[in-house]
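Please look through the model below before reading the notes. They take one site at a time.

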Amino acid sequence: MKRVVATPLPSDPFVSDARVLGAAVRAARTAAGLTVEDAALIIGVAKQTLSDLEAGKDTVSLGLVLRITRELGIALFFAPAEQRERFRRVFASTS
C-alpha cells in the first residue's frame, strides 16, 4: 500500500485561484490518508481530474469541483469582498 503524507491546508482560507483550491483539496485528501487513485475511485471521478484539480489547473468543471470538495469534507462559502478581512481574522482566531 502506498504511504500518504499529509500536507497542510493553505494558511489563508481565501480561495484566490485554482492553485489555492487545489492545495486545499490535496490537504483534505492526504489528511484522510487517501491516495489520488483511492480518492478518485471513492468520489467517482477520473484520477486525472482529481490530479488536475490538485495541481491548480482551472480546467476542471465547477460541478466536479463542488462534488470533490463536498466528498472530501471541504466547506466552501461566499462572503462579500468588503468583509474578506473580517472573515480571515475570524478563521485565524479559531484555528
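Is Thr 69 buried or exposed?

1. Thr 69 is buried, at 2% relative accessibility. Buried means under 20% relative accessible area, exposed over 50%, and partly exposed in between, with a 1.4 Å probe and protein chains only. The residue is found in helix α4. Leaving aside neighbours within four places in sequence, Thr 69 is in contact with Leu 21, Val 25, Ile 74 and Leu 76. Contact means heavy atoms within 4.5 Å.

2. On conventions: this is a predicted model, in which local features need pLDDT of at least 70 and side-chain atom pairs count only at pLDDT 80 or more, while totals for chains, interfaces and linings use all residues. Residues are numbered from 1 along each chain as its sequence is written, and side-chain values use heavy atoms, with hydrogens and water left out.

3. The largest nonpolar core has 16 residues. Such a core is a set of buried Ala, Val, Leu, Ile, Met, Phe, Trp, Tyr and Cys residues joined through side-chain atoms within 4.5 Å. Those with the most contacts inside it are Val 25, Val 45, Leu 50, Leu 53, Ile 68 and Leu 72. Two or more residues come from each of α1 (18-31), α2 (36-43), α3 (47-54) and α4. The largest share, four residues, comes from α2. Helices are DSSP runs (H or I, at least four residues), numbered from the N terminus.

4. Leaving aside neighbours within four places in sequence, Leu 72 touches Val 25, Ala 28, Arg 29 and Ile 43.

5. Now the rings. There are two aromatic pairs. Rings of Phe, Tyr and Trp (its six-membered ring) pair if their centres lie within 6.5 Å; planes under 30 degrees apart count as stacked, over 60 as edge-to-face and the rest as tilted. Phe 77 and Phe 87 are tilted, with 6.0 Å centre to centre and 55 degrees between the planes. Phe 77 lies in the loop between α4 (62-71) and α5 (84-94), and Phe 87 in helix α5, so this pair ties together parts ten residues apart in sequence. Phe 77 and Phe 91 have ring centres 5.5 Å apart and planes at 50 degrees, so that pair is tilted. Phe 91 lies in helix α5, so its pair with Phe 77 ties together parts 14 residues apart in sequence. Ring pairs link Phe 77, Phe 87 and Phe 91 into a cluster.

6. Phe 91 is partly exposed, at 32%.

7. Check the charges over rings (NZ of Lys or CZ of Arg within 6 Å of the ring centre and within 35 degrees of the ring normal). Arg 84 lies over the face of Phe 14, 4.0 Å from the ring centre. The charged end of Arg 86 sits over the ring of Phe 87, 5.5 Å from its centre.

8. Leu 9 lies in the segment before α1. Leu 9 is exposed, at 60% relative accessibility. Its C-alpha atom is separated by 7.5 Å from that of Ala 28, 19 residues apart along the chain.
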